[in-house]
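Subject: Handover of a structure for your review

Dear colleague,

Please find below the structure that I am handing over to you.

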Amino acid sequence: MKPSLIYLFALLFGASTVIGQKKYTADWASLETRGIPAWFNQSKFGIFIHWGVYAVPSYAPVGPGGYSEWYWYQLDGRTDGPHDATREFHDKNYGKDVPYQDLEKQFTAALFNPDQWADIIRRSGAKYVVLTSKHHEGYAMWDNKQASESYGRTWNAKDGTPKRDLLGDLTNSVRKAGLKMGYYYSLYEWFNPIWKKDKQQYINQVMVPEFKDLVTKYKPSVIFSDGEWDLSDTAWHSTSLLAWLFNESPVKDEVVVDDRWGSNTRGKHNGATYLTSEYGSGMQPGVIWEENQGIGQSYGYNRMENVDDYKKSADLTLMLVDIVSRGGNLLLDIGPTADGRIPVIMQQRLIDIGAWLDVNGEAIFDTKTWKETRQWSEGKVPELKESNFMSDYSISNLIKPAKDRAHVELFFTQKENVLYTIVPGYVPQVKIKDYMPSKKVGVSILGCKKKISGKQVGKDFVIDLSGLTPGDLPTSLFTIRIK
């Protein structure tokens, strides 16, 4: 090897060593310099799983915010008294004197087949999974001593009724299926005796060691923190915990975390955290963000929801396209039953999304935003309410033609020298406004064998689809590939 090459190799090796050994201090300015591992935003699509003791009653009034995983809080935690409908349901089905904790005896997971779950998720096309390791009820889905000791009763799945490390078993199956595994983790717990007595004692003796136990044992690729709103990031000691995660934990180089680390952190610190939107309108390019929603109105399984309360497969696929075109990820939630089954309607929705991605995934995974995220028709573009929580945003409505406003005609993504134009439905001619590709451009439809062509008309690029027959398009929401 030439001396100059030896020097260059040493220089490069030394630089990579310094980067790998960088230590982050317990403050946001330092933590934000880490950045977010690239795999996350490249993955685009993940599956959220809300599963715990709340799957036993699996009850909430149907509607926005009708979250069945909040059952215990609705029963015993509201300052204005119990939720009338929830109390009536509980008294009728379980008895007036039966506490929520006793429902754990019916959380059997008797039909839980982690390999089957992992197979369904793999077939959905999703690249990562986020399971509730512990929701606000405090029940740990793995063998954790802090959960049970702090409540003074068995309050984890391994020692409790399932007699099984549910989290560990699913983790093994998900990774065996070639997907990344992550965990939702609630910082606070509604009724933890130590939390109710002394919040700082709870943080130091329960939350922090429990969190480190989870990370050290199961090595998550994602941590979706939640339940942060009662205290500031300073009170939670969040920057210290994240410094440990990024410096010392076994996942320090791969793990990504969300923005829920204190009452003052949502929507901030994008260099250290990805930003979250919950049943929201999402965000625009320029930040790493993720939209999370259930297939229905609830995250945990809700037996009160009927077929019309579940989003249709076409709407879910369109939601994924819209989010990815704006640079985000979709974390789509499923809620299994207490005996460990993914409801068939949820399985069917996931398989349908996967079938679409089998054809069009090239336009989704590993893509970036284009100069435009979408194209509107002629007319007045509606003013969209931007909200990261419980907005009334619906892309399914925005693609529908209307007399009094413009509608979304096209969505765009790109990679390398390819522009992907995703079309909500067949039209005989697609016009991409203010776009002039090179003269050697190649135009095709993903999954379609029939040849199509495009030509420049002034400043616009026009693609002729009039020669297609109904059977030529592989999917109703289809992708034009322009290379």
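Please note that the model is a predicted one.

This pair belongs to the contact between strand 12 (residues 429-432) and strand 15, which run antiparallel and are joined by four bridges. Strand 15 also pairs with strand 14 (residues 453-457), again in the antiparallel sense, over five bridges. Strands 14 and 15 form a hairpin with two residues between them, and Gly458 in the turn has a positive phi of about 65°. Strand 15 covers residues 460-464, and four of its five residues are buried, so this strand is largely enclosed by the rest of the structure.

An open sheet of eight strands, with parallel pairing, has the order 5-4-3-2-1-8-7-6. Strand 5 (256-257) and strand 6 (275-278) stand at its edges; each has a single partner strand, and therefore one side of each is left without a neighbour in the sheet. Helix 6 (residues 114-124) packs on the sheet, where it touches strand 1 (45-49) and strand 2 (128-134). The direction of helix 6 makes about 150° with that of strand 1. Elsewhere in the sheet, strand 7 (residues 289-294) and strand 8 (residues 329-334) run parallel and are joined by five bridges. There, Gly294 has Asp333 of strand 8 as its bridge partner.

Two loop residues also deserve mention. Ser387 is found in the loop between strand 9 (374-376) and helix 15 (395-398). Its relative accessibility is 18%, and because buried means under 20%, Ser387 counts as buried. A polar atom of the Ser387 side chain lies 3.0 Å from the backbone oxygen of Phe389. Leaving aside residues up to four places away in sequence, Ser387 touches Ser277, Gly280, Ser281 and Gly282.

The second residue, Glu372, lies in the loop between helix 14 (344-360) and strand 9. With a relative accessible area of 41%, Glu372 is partly exposed. Glu372 and Pro285 are 87 residues apart in sequence, while their C-alpha atoms are 9.9 Å apart in space.

Yours sincerely,
A colleague

Key:
Residues are numbered from 1 along each chain as its sequence is written. This is a predicted model: local features need pLDDT of at least 70, side-chain atom pairs count only at pLDDT 80 or more; totals for chains, interfaces and linings use all residues. Side-chain values use heavy atoms; hydrogens and water are left out. Two strands pair if DSSP finds at least two bridges between them. Contact means heavy atoms within 4.5 Å. Axes are lines fitted to C-alpha atoms, for helices over the stretch in contact, and angles run from 0 to 180 degrees between N-to-C directions. Buried means under 20% relative accessible area, exposed over 50%, partly exposed in between (1.4 Å probe, protein chains only). A polar contact is a pair of N or O atoms within 3.5 Å; within protein, one must be able to donate a hydrogen and the other to accept it, and residues adjacent in sequence count only if both atoms are side-chain atoms.
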